[in-house]
Amino acid sequence: MKWQTSGSILAAQLAIEHGWAINLGGGFHHASQLKAEGFCLLADISLIIKYLWKYRNPDLKFMIIDLDAHQGNGYAIDKSILLSKERDQIYIFDLYNKDIFPNNAFAKLAINEHIEISSDIQDDEYITLLKKNLACAFNEYKPDLIIYNAGTDVLNGDPLGNMNLTITGVIDRDQIVFEHAKTNNIPIVMLTR
Ligand SMILES: [Zn+2]
């Protein structure tokens, strides 16, 4: 997990330099700087942000797009304890299954674009919701880097995500996020755990 966390920070820097990068790990979205949770030891998403603020530019703005089946409570809690100027530099887009862990009401307050879905959602409805809400998010906010948490536990048969997307649905999902990054000319780092 330490190597994966370093990978997330390295991939974020490569994304800024080259337009995009993928870490074949990371995305520990249940961990906050305060505690580990839900199989997540280290808060790599918050660490990307803090590292880039410290070593690159304190004014950088981030959009976290979290399409893992679970709500991303860790980085949301980290955002909520920042000063208000820094809070405004993090936009959270979170689309998750409301019927599963962690259902954290406090963390939800830090989400900007908040989409709760049910376990039985199918590809077509999911993709329509994603497209509509991503368009709203990019109208509202122009980040300097997109941090895409691309958990594949939305796939049909995953015992923890408890959702129904097909492999084609997951590929379409990732493609839509990358298309938005490209159209808006914003670098993107994808985390894949
Ligand atoms: Zn998950």
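Is I167 buried or exposed? I167 is exposed, because 11 other C-beta atoms lie within 10 Å and the cut-off for exposed is 12 or fewer. The model is predicted.

**Overall form**
- Read from the N terminus, the elements of the protein chain follow the order α-β-α-β-α-α-β-α-β-α-β-α-β.
- The radius of gyration of the protein chain is 15 Å, close to the 16 Å from the globule rule for 193 residues, so the chain is as compact as a globular protein of that length.
- The C-alpha trace spans about 45 × 35 × 30 Å along its principal axes.
- Of the 193 residues, 40% count as buried.
- For contacts between residues at least 6 apart in sequence, 70% join residues at least 24 apart.

**I167**
- I167 lies in helix α7, which covers residues 167–183.
- I167 and I64 are separated by 103 residues in sequence and by 23 Å in space, C-alpha to C-alpha.

**Helices α6 and α7**
- Two packed helices are described by the angle between their axes and the distance between the axes.
- Helix α6 (residues 123–140) packs with α7 at an angle of about 10°, and their axes are 10 Å apart.
- Angles under 35 degrees count as roughly parallel, and α6 and α7 are therefore roughly parallel to each other.
- The crossing of α6 and α7 is right-handed.
- On the α6 side, the residues that meet α7 are D123, Y126, I127, L130, K131, L134 and F138.
- On the α7 side, the residues that meet α6 are T168, G169, D172, R173, I176 and H180.
- By class, this contact of α6 with α7 has six nonpolar, three polar and four charged residues.
- An α-helix has 3.6 residues a turn, so residues three or four places apart point the same way.

**Helix α3**
- Helix α3 takes in residues 73–80, and seven of its eight residues are buried, so α3 is largely enclosed by the rest of the structure.
- The buried residues of α3 are N73, G74, Y75, A76, I77, D78 and K79.
- Helices that these buried residues pack against are α2 (44–55), α4 (84–87) and α5 (105–108).
- The buried residues of α3 also pack against the strands β2 (62–66) and β3 (90–97).

Notes:
Residues are numbered from 1 along each chain as its sequence is written. This is a predicted model: local features need pLDDT of at least 70, side-chain atom pairs count only at pLDDT 80 or more; totals for chains, interfaces and linings use all residues. Helices (H or I, at least four residues) and strands (E, at least two) are DSSP runs, numbered from the N terminus. A residue is buried if 20 or more other C-beta atoms lie within 10 Å of its own, exposed if 12 or fewer, and partly exposed in between; C-beta atoms are placed from the backbone. Axes are lines fitted to C-alpha atoms, for helices over the stretch in contact, and angles run from 0 to 180 degrees between N-to-C directions. Angles under 35 degrees count as roughly parallel, over 145 as roughly antiparallel, 65 to 115 as roughly perpendicular and the rest as oblique. A crossing is left-handed if the near helix is turned anticlockwise from the far one by less than a right angle, and right-handed if clockwise. Two residues are in contact if their C-beta atoms, placed from the backbone, lie within 7 Å. Ala, Val, Leu, Ile, Met, Phe, Trp, Tyr, Cys and Pro count as nonpolar, Asp, Glu, Lys and Arg as charged, and the others, Gly among them, as polar. The radius of gyration is taken over C-alpha atoms; the globule rule is 2.2 Å times the number of residues to the power 0.38.
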